[in-house]
Amino acid sequence: MAKYKLVKTNTPPVWMRPLIPVLALIGTFILTSGLIIWSQANPFETYYKFLIGPLSSRVSVLEVLVKATPLILTGAAVTFAFSTGYYNIGAEGQLYAGAIAAAGLGPILGGFPPILAIPIMIIGGFIAGMGWALIPALLKVKLAVDEVVTTLLLNSVMAYIVSALLNGPWRDPASGWPQSPEIAPSTIFPKLIARSRLNLGFLIAVATIIVLWFILTRTAFGLRMRAVGMGKPAARFAGINVKRTTLIAALVSGGIAGLAGVAEVAGIQYHLIGELSAHYGTTGVIVATLGGLNAWGVGLAALFFGLVDQGAQTVSRTLGVPIYLGEVTQATMLLVALGMLLLQNYRIRRV
Amino acid sequence: MHIVEMKGITKQFGDVIANDHVDFYLRKGEVHALLGENGAGKTTLMRILYGLYQQDSGDVLVNDTKVTIHSPKDAIAQGIGMVTQHFALVPPLTVAENVVLGFTDNFVLDRTELENKVGEASERFGIDIDPRALVRHLSVGQRQRVEILKALYRNARVLILDEPTAVLVPQEVDLLFDTLNRLREDGLSVIFISHKLDEVTTITDRVTVLRDGNAVGTVDTSSITKNDLAKMMVGRESFGVTRQQEEQDGKKCIFELKNLSAEDDKGLPALKDINLQICEGEILAIAGVSGNGQRELGETLCGVRNVTAGQILMEGQDLAGKQPIQFTAAGLGRIPEDRHEGMVGELTVAHNLALEHLDEYTKGGRLDRKAILKTAEDLIQQYQIKAKPNDRTRTLSGGNMQKVLLARVLSRDPKVVIVPQPTRGLDVGATDYVREQLLAQRKRGAAVLLISEDLDEVLALADRIAVIYEGEIVGILPAQEATAERLGLLMSGAVKENAHG
């Protein structure tokens with residue numbers, strides 16, 4: 001009987017790269033179709049509505065872009081940190097830090113024209129995200145405390161801070177709901193297209209991707225970041241200040257995540273609410289990983305996730321399958337893709 | 001009466017012959033030393049006996065019966081136990097649990113019974129250890145005693161100790177020797193792998209010397225002097241300086257170490273009060289058996305290990321406590337000991353070549369990719385690197401990786417070159433290439449500090465040889481004056497020539 005075994009090769013074949021997303025999609029389809037059948041729906045129809053449905057009308061295409069906006073930003077934030085070998089799992093908390101800044105600044109910037117008010121809000125959100133990221137970053141650089149643990153736990157801390165604000169000092173007296181007072185009209189992000197939710201936030205996200213690409217691939221700092229991320233001892237040996245590079249990357253990462261919070265407050269909700277983020281921070285980790293820590297890849301992955309999010313809503317409405325199917329699909333997709341990234345380093349050999 | 005006979009053992013790893021028809025005979029009730037330099041084949045031979053490797057040819061006899069030992073389990077069944085340098089103990093478990101681990105078949109463990117049994121055994125063999133103590137609370141010396149007890153508890157009649165004193169403090173060495181003497185009286189046989197002459201002459205009955213995979217001879221310890229042993233260990237057919245000597249008078253000494261001390265990763269002193277001077281146009285080699293502070297010395301001089309005391313003077317400027325980038329800026333060319341740690345494998349060859357001087361490749365905030373590529377192409381051609389600028393560095397062979405590191409450093413014409421173990425793991429062609437480059441640096445007028453555990457390399461390149469032993473420079477001699485005996489005695493810690501460089 002013939003036996004097969006996996007043999008590790010150091011150089012994955014080049015033709016594998018573009019195949020990975022395709023194979024991941026097929027694998028995900030196979031794995032999730034059982035669940036779809038269980039929900040008494042047709043897997044092919046479901047996937048059609050998932051992936052093609054949202055692209056069939058102008059309204060839902062724009063909605064895909066709206067849903068992708070926070071994911072592009074958190075994905076970029078995570079990519080910035082991960083590239084440097086700093087595993088920031090705290091984009092969720094940093095997003096809320098940015099959102100708190102926006103919700104705090106929004107109502108009091110009413111006297112300024114938008115041309116001033118909006119940049120102040122953006123910068124404020126960036127600084128707030130950086131500030132929240134500073135705690136774990138300092139712990140990492142000064143005391144070598146594992147950032148995965150601290151950034152993750154600080155997400156819960158931030159959730160309580162938000163809850164405390166919304167149920168305490170910031171509770172909107174007008175509505176009585178746990179939400180902050182509405183931000184001033186001059187601070188609301190202008191719409192890009194009338195009668196849609198697409199706003200300035202999307203442009204900020206796209207600009208962030210371009211800046212991310214430029215820094216990572218075209219600047220000395222980006223090369224230093226990648227050197228630190230991929231080989232700390234070698235980077236140190238070559239005279240790169242590993243701690244300083246890590247600290248800067250961690251802070252900028254927090255700042256970008258903070259922008260996601262600003263975009264959600266100023267572009268969509270106009271209030272700070274407890275459910276501002278639908279796990280955008282954690283999904284950002286998935287987006288960054290699927291995007292291969294490459295700026296364009298992250299952009300594409302975020303758009304794909306926006307598509308699945310939007311598709312899941314349609315699917316649940318029209319076919320009656322649970323809306324959670326979207327999340328299941330995203331999670332399955334990540335696992336399959338990670339498995340493929342690992343397996344591309346192996347060849348099947350007959351022994 | 002031999003308890004173990006190894007006849008004509010040959011073992012080859014790729015092109016390297018680790019053991020070449022080695023004969024080794026162990027008597028009942030003796031402590032028998034295996035003496036030799038690094039890479040002489042001592043550990044390979046013992047790993048074959050313990051079943052960790054299989055010999056390519058040759059026979060192993062235990063109690064006059066030919067045996068095949070496929071695994072440590074087979075070895076234990078034959079009454080052979082081994083204590084390696086890295087202990088295989090489970091720290092959160094007790095001594096008794098560690099001793100019986102993997103040896104008892106009972107599903108239910110009776111702790112008290114186990115502890116009593118292990119306690120009895122420790123008394124019987126005279127190994128003083130509390131069976132109830134947790135291993136993680138024990139000192140290194142105590143852990144070694146647990147390992148020895150573990151082997152004896154499995155009814156070992158032959159005990160292999162791989163450099164057992166390397167990890168011990170002097171008092172613990174005395175205690176170990178007491179144990180070995182007692183085991184000998186009980187009729188057990190001990191194989192003592194070492195390269196420390198003092199210990200070998202103190203504790204052993206006979207010595208087998210290995211050199212380059214061959215058994216040089218077996219002698220009674222009482223009938224041989226340390227000097228003769230050193231000669232057997234280090235001597236080789238073509239001993240001596242193989243290179244034309246050029247006059248070195250009147251050269252300026254630009255690099256100096258003053259009372260340099262540093263600690264190892266565990267916080268123990270690894271370098272003790274080192275004083276050295278290196279002059280323009282000379283190669284100073286640090287020779288020594290591995291693990292005597294060479295790694296720490298290399299890292300300290302490359303600026304990646306902290307100095308606890310002393311100075312690193314580069315043309316009078318003290319670099320101690322400075323960052324690696326300042327070492328480079330001062331004109332020091334640093335090549336890392338571990339080339340995989342010296343380069344970012346996932347980055348391209350071009351990026352790795354530029355990594356030390358990224359500021360020079362920045363134009364208006366942007367990385368000058370053309371300049372990086374151009375430099376890489378030039379260096380690849382000049383240093384005969386078999387790679388393209390955009391290849392990921394991890395796909396390169398060891399020799400080509402080393403060439404990338406050499407190119408990165410030597411293309412800047414450094415005044416001082418620090419090269420720890422530059423040819424380790426390289427094939428013959430790459431080794432020759434690296435050595436030629438170092439000689440070219442010397443000719444150019446650079447001061448070269450070569451740290452090498454390969455004595456052939458030291459003799460082929462060095463103008464002066466400094467011997468390091470347990471973190472101290474125990475002697476400095478001009479290469480022409482190096483004899484096998486003198487180097488052997490210094491390297492094995494038998495003598496100190498309190499020279500100052």
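Predicted model: local features only at pLDDT ≥ 70, side-chain atom pairs only at ≥ 80, totals over all residues.

Start by selecting chain B and colouring by secondary structure: you'll find 17 helices and 22 strands, where helices (H or I, at least four residues) and strands (E, at least two) are DSSP runs, numbered from the N terminus. Chain B has a radius of gyration of 25 Å, close to the 23 Å from the globule rule for 501 residues, so it is as compact as a globular protein of that length (the radius is taken over C-alpha atoms, and the rule is 2.2 Å times the number of residues to the power 0.38).

Residues are numbered from 1 along each chain as its sequence is written, and chains are lettered from A and ligands numbered from 1 in the order in which they are written.

Next, show both chains where they touch. Chain A brings 18 residues to the contact and chain B brings 26 residues (in contact means C-beta atoms, placed from the backbone, within 7 Å). On chain A, select α8 (220-230) and α9 (232-237), the elements that give two or more residues to this side. α8(A) gives the most, with six residues.

Last stop: pick strand β1 (residues 4-8) of chain A, which pairs with strand β2 (residues 346-350) of chain A in the antiparallel sense over five bridges (pairing takes at least two DSSP bridges). Click A:Tyr4, and look for its bridge partner A:Arg350 in β2(A).

Methods. Contact = placed C-beta atoms within 7 Å.
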